[in-house]
Amino acid sequence: MRKGRIFLVLALLVPIIIAVAPLTDAFLGGAGSGIQPYDGGGSCHVTPSTAIVTMFTPSLTVAPVESVIVTVNVSGGNSGPILGVMLVSALNPAPASIPSSVGWTITADPSGSGTDNYYEISNYAGQVSLQWSLTAPPTEGTFALFARAHHGGGGEPQFANDEAGLSFIVGTGGISGAPVVSIISPSDAESVEGVMTVNASIESSTPIAYALLQIDGVVVDNKSQEPFRWDVNTTEYANGEHSLNITAYDTNGSFGYKEITVNVNNPEAEKAIPNWVWAAVGGFALILGIVAVALFMRKRRKEAGASEPKLDLTERELLAPLLHTKLPGYAVLVLSALGAALFLAVWYIQMTQGLVLTGMRDYGVPLQGSPWGIYIVNFIWFVGIAHGGIVMSAAIRVMRLEKYKSIARMAELLTVVTLLMAGLSIVMDMGRPDRLFEMIIHYSERVSTSPLVWDITVILIYITLSILYLYLLMREDLAYLRDKLPRFRWLYSLLLFGYRENEKEKIDRIAWWIALTLLVIVFLLSGGVIPWLFGLIAAQAGWFGAIQGPMYLAAALSSALAAVIVMVAVMRRAFRWEKHIDVDIFRGMGTALSVLVIIYLWFTLHEQLTYQYAAPTSEHDISNALLFGQYALFFWPVIAMLLGSFAYLAASAIARKFNPTGTVIASVVLLLAFWLKRFLIVIPSLTHPRLGLYPSGVYFPTWIEYSLVVGTIAIALLLIFLFVKVFPIMEVKGARRLTEEGVGTKEAQPSPPEVE
Amino acid sequence: MGFLSIGVVLVFGIILAPVIILILASIFGKPRNLRVTAIFLGLFGGLILIGLAAVWLLTTLLSFVMP
Amino acid sequence: MVRHGMAIDLSRCMGCRACVEACKVENNTPHGVFWMLLLRFEEGTYPNSKIRYISRPCQHCDNAPCTKVCPVGARFKRDDGLVLTDFDRCIGCRYCEVSCPYGVNYFNWKKPSKNQYYDWGTSGLPYRNPDHNIKYEGRLVSGGNHYLGVMGKCTFCVHRLVKGLKPACVANCPVGVFTFGDLDDPNSAVSKAIAEKEHFRLQEELGTNPKVYYLGAPLDPRKPRKPLDVYREEVNP
């Protein structure tokens with residue numbers, strides 16, 4: 001039985017083997033693919049065929065050991081499905097040579113799993129494309145590769161050659177496989193000027209991803225396809241030697257480069273005159289024009305001086321600025337006009353180049369800056385000062401403190417001008433001031449939630465009512481002076497539309513109501529929308545909180561009184577109004593100021609105590625920075641200035657003898673201290689982000705910011721100057737009545753005093 | 001309640017209240033002088049409009065300056 | 001209505017910054033502007049310290065302070081939950097930046113075309129994304145390369161969302177840190193991720209209701225944290 005079973009197995013296996021085996025490689029004729037390199041020469045008896053063999057490769061110029069891809073296409077031929085294709089390094093004379101004998105290394109053959117120069121297919125149907133990967137020989141020279149196809153079998157195999165083959169030039173340079181860059185123009189060390197054309201030729205077996213043009217190590221441009229030609233404007237570079245480098249990257253990531261030097265030799269160009277020069281020239285011309293006109297008008301006035309007899313002594317004293325301008329006045333005009341011109345020029349530069357010219361930057365990572373800076377500080381400061389007018393108006397009308405009547409108009413002028421400057425401070429802080437009107441277009445939509453919009457609303461109402469207050473109360477004087485100052489008759493008449501003598505009573509009544517309204521709005525402005533801009537922002541530790549409201553109010557009223565004191569003192573001295581402005585008002589204002597300053601210091605104590613005791617880290621860090629850290633050298637001198645001024649003013653209030661000069665100096669110190677204190681409110685919070693994962697930041701204003709801030713002060717001075725020269729800043733009709741009733745000033749010497 | 005947001009109540013209720021009172025006082029307060037009232041109210045509205053027009057003019061001019 | 005949100009798995013993040021780079025290339029943001037940012041910090045004190053990474057896109061808060069304070073309505077919240085900036089309307093007042101507790105806002109201090117990392121010359125950015133020229137729902141809200149003097153921030157790649165793609169950071173993270181989707185859909189990947197894992201949000205106590213959820217244990221307030229990125233990048237005029 002054993003023998004029978006063996007026979008059965010064999011009987012089954014043999015047919016299976018015979019049936020299946022031909023499907024494997026084992027029975028293929030010839031030398032067989034992948035068994036050994038085949039040189040195709042020698043003993044086989046071959047005849048030419050009609051097949052056509054062609055070869056392709058991306059680049060014939062290769063570096064040593066660079067990878068090369070050779071594609072062999074065979075088409076045509078009239079014999080069977082078996083085709084053998086081989087790469088050889090020589091066709092004639094026989095024997096052909098295998099490529100490795102001359103230095104080629106085959107890294108992949110068409111089978112995908114071998115490295116042979118011979119490959120055979122058994123399903124040739126008239127067209128085939130086969131690909132070999134090789135690395136070039138390691139030595140320089142010319143190396144040819146040919147392709148040869150054998151087909152047919154049995155007794156009459158046929159062959160076809162690609163007789164031309166591929167002639168590879170193996171050259172120097174570059175990392176194997178990397179692109180080879182050569183710079184056609186300019187040549188090394190060539191002298192160039194004007195626009196130079198940089199032309200490169202790049203050889204690469206792998207497609208080029210991109211080529212970089214670098215000058216002095218800085219990438220100037222890139223190109224990702226032919227032609228690799230750039231036009232470079234050499235006038236952008238200083239005369240002298242510069243390095244020029246072209247680096248090409250292929251899609252494998254390998255790169256090759258060529259570096260040369262060029263000598264830039266441009267004739268010294270005429271520098272274009274920068275814009276600021278034009279602005280300064282324009283500013284100067286403007287000032288010269290104003291001065292010339294003023295001098296001319298002065299001459300005319302002197303000639304017509306005799307024809308202005310109708311003013312009595314008191315009036316001439318009160319109208320001093322309208323009648324004469326002396327050297328200090330012209331100096332104020334010229335300096336403030338220069339400041340205004342500076343403002344316009346610098347603002348133009350900032351608008352065209354961007355706020356990058358300031359020291360402001362984004363907070364957090366990576367810029368670690370402060371997005372708001374001294375423009376916002378300036379804004380708050382000006383708004384604070386702008387309360388001066390209403391403080392005086394409220395004192396005079398609502399509280400009936402008549403002794404401040406003489407300075408009422410001065411204070412109101414201060415309000416109007418500084419409010420305008422506050423608005424200007426905001427506009428100069430905006431990134432796109434050309435879109436300011438959008439705030440008005442979308443007002444109804446945004447008023448529900450945006451503190452900035454509330455701010456605009458209140459400021460607009462405040463400035464309108466202040467202008468109206470100033471204007472309505474000035475009508476009486478304008479009517480009185482209309483005939484006495486023929487120079488201004490046309491202007492005054494224009495402004496006096498609808499004037500009747502009997503309007504005074506109603507105007508006074510309306511003025512009373514305006515004063516009351518403004519008094520309420522003070523609390524809603526400086527104790528309201530302005531602090532709410534900051535106090536409602538939970539994101540900023542150090543801002544968020546309820547103390548901001550009362551604190552800002554105290555600061556604003558203090559600044560306001562200090563500014564009024566300074567303004568009145570300067571004008572009183574400049575125009576010799578000692579007889580018309582009682583020195584006692586300084587005492588009254590100084591006393592009120594001392595109370596406000598100590599209230600402000602008391603609120604500061606509240607604030608810092610709260611942030612020091614057991615506050616969240618974010619608040620504590622800011623307080624530490626103010627009291628002991630980054631800002632300490634700034635904070636304590638400011639507190640000292642505030643305390644010192646308070647001490648002086650308080651002492652002055654209770655002293656027996658009163659010296660107004662000290663009060664004025666204390667007021668100047670306070671104005672400066674409050675500007676600095678506003679800085680210490682705005683910036684430390686922004687440079688110490690609440691999110692503890694951010695580092696703290698730094699902020700230093702630049703000259704652009706200082707210029708614009710100084711510019712706003714200059715414009716304010718200019719506007720005050722112009723008003724004072726055109727309108728009576730001191731009440732004339734009212735003063736006249738005082739003298740008639742025997743109250744007020746004494747007559748001085750008979751001859752007109754030497755007024756300014 | 002949607003219309004009566006924080007801002008609306010604040011601005012039109014609290015901030016503008018004294019202004020409304022002012023306007024009413026200027027009309028009805030003694031002594032009655034309608035000419036002065038008209039000048040006042042006309043200037044009030046006029047100044048606000050001039051202010052808005054000035055803002056519009058400024059932004060238009062600035063749009064030529066900004067890049 | 002869709003409410004887009006994001007979940008960030010802190011246990012997976014390895015600090016490679018592919019998200020930062022993808023955002024920058026996708027949104028064409030200029031020098032110093034990082035709408036997606038990676039915060040690196042050291043937690044704890046040596047020898048018990050480790051480096052941690054938190055990626056920080058805009059949180060697209062549901063109660064965003066930035067949309068409240070914008071005086072012109074350039075910063076607004078869309079119905080699908082995205083907080084976007086209308087670059088045609090922004091006046092550059094920077095109030096949104098000041099009111100944002102997360103520091104996600106980046107201002108164009110310099111003209112964007114002059115503020116790139118290379119001088120690309122007159123041909124401009126080679127990787128300029130044409131999607132940014134399109135106005136979505138009538139407003140110009142995508143892309144960081146438009147105007148001087150306006151604010152910008154992460155938009156959750158609004159220009160990709162309309163095409164059904166995920167934001168660039170989400171699409172490019174090699175380790176799958178980000179999950180993005182509809183928070184209102186309980187079956188979305190992001191809702192599930194948040195429901196399954198312990199999570200926290202940044203500065204929740206400020207009431208902003210941010211929509212970026214960080215998967216992992218909340219930051220332990222007892223551990224000191226020191227930011228490692230204290231080098232200040234210079235953007236010069």
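Axes here are lines fitted to C-alpha atoms, for helices over the stretch in contact, and angles run from 0 to 180 degrees between N-to-C directions. Helices (H or I, at least four residues) and strands (E, at least two) are DSSP runs, numbered from the N terminus.

**Entry 1, ground rules.** I noted that this is a predicted model, in which local features need pLDDT of at least 70 and side-chain atom pairs count only at pLDDT 80 or more, while totals for chains, interfaces and linings use all residues. Residues are numbered from 1 along each chain as its sequence is written, and chains are lettered from A and ligands numbered from 1 in the order in which they are written.

**Entry 2, a helix pair in chain A.** I looked up α6 (residues 374-385) and α19 (residues 703-726) of chain A, whose axes come within 10 Å and cross at roughly 15°. The two helices, α6(A) and α19(A), are therefore roughly parallel (angles under 35 degrees). I found that A:Ile374, A:Tyr375 and A:Asn378 of α6(A) meet A:Glu705, A:Val709 and A:Thr712 of α19(A), where contact means C-beta atoms, placed from the backbone, within 7 Å. I sorted the residues of this contact into 3 nonpolar, 2 polar and 1 charged; Ala, Val, Leu, Ile, Met, Phe, Trp, Tyr, Cys and Pro count as nonpolar, Asp, Glu, Lys and Arg as charged, and the others, Gly among them, as polar.

I found a cis peptide bond from A:Ser185 to A:Pro186, with omega near -5°. A:Pro186 sits in the loop between β12 (180-185) and β13 (190-192) of chain A. Another cis bond joins A:Val365 and A:Pro366, with omega about 0°, and A:Pro366 belongs to the loop between α5 (327-353) and α6 of chain A. A:Arg400 is in the loop between α7 (388-398) and α8 (408-427) of chain A.

I counted 3 helices and 0 strands in chain B. Its radius of gyration, taken over C-alpha atoms, is 18 Å, well over the 11 Å of the globule rule for 67 residues, so chain B is more spread out than a compact globule. The rule is 2.2 Å times the number of residues to the power 0.38.

I read that the contact takes 51 residues from chain C and 46 residues from chain A. On the chain C side, α3(C) gives the most, with 4 residues.

Key
Parallel < 35°, antiparallel > 145°, perpendicular 65-115°, else oblique.
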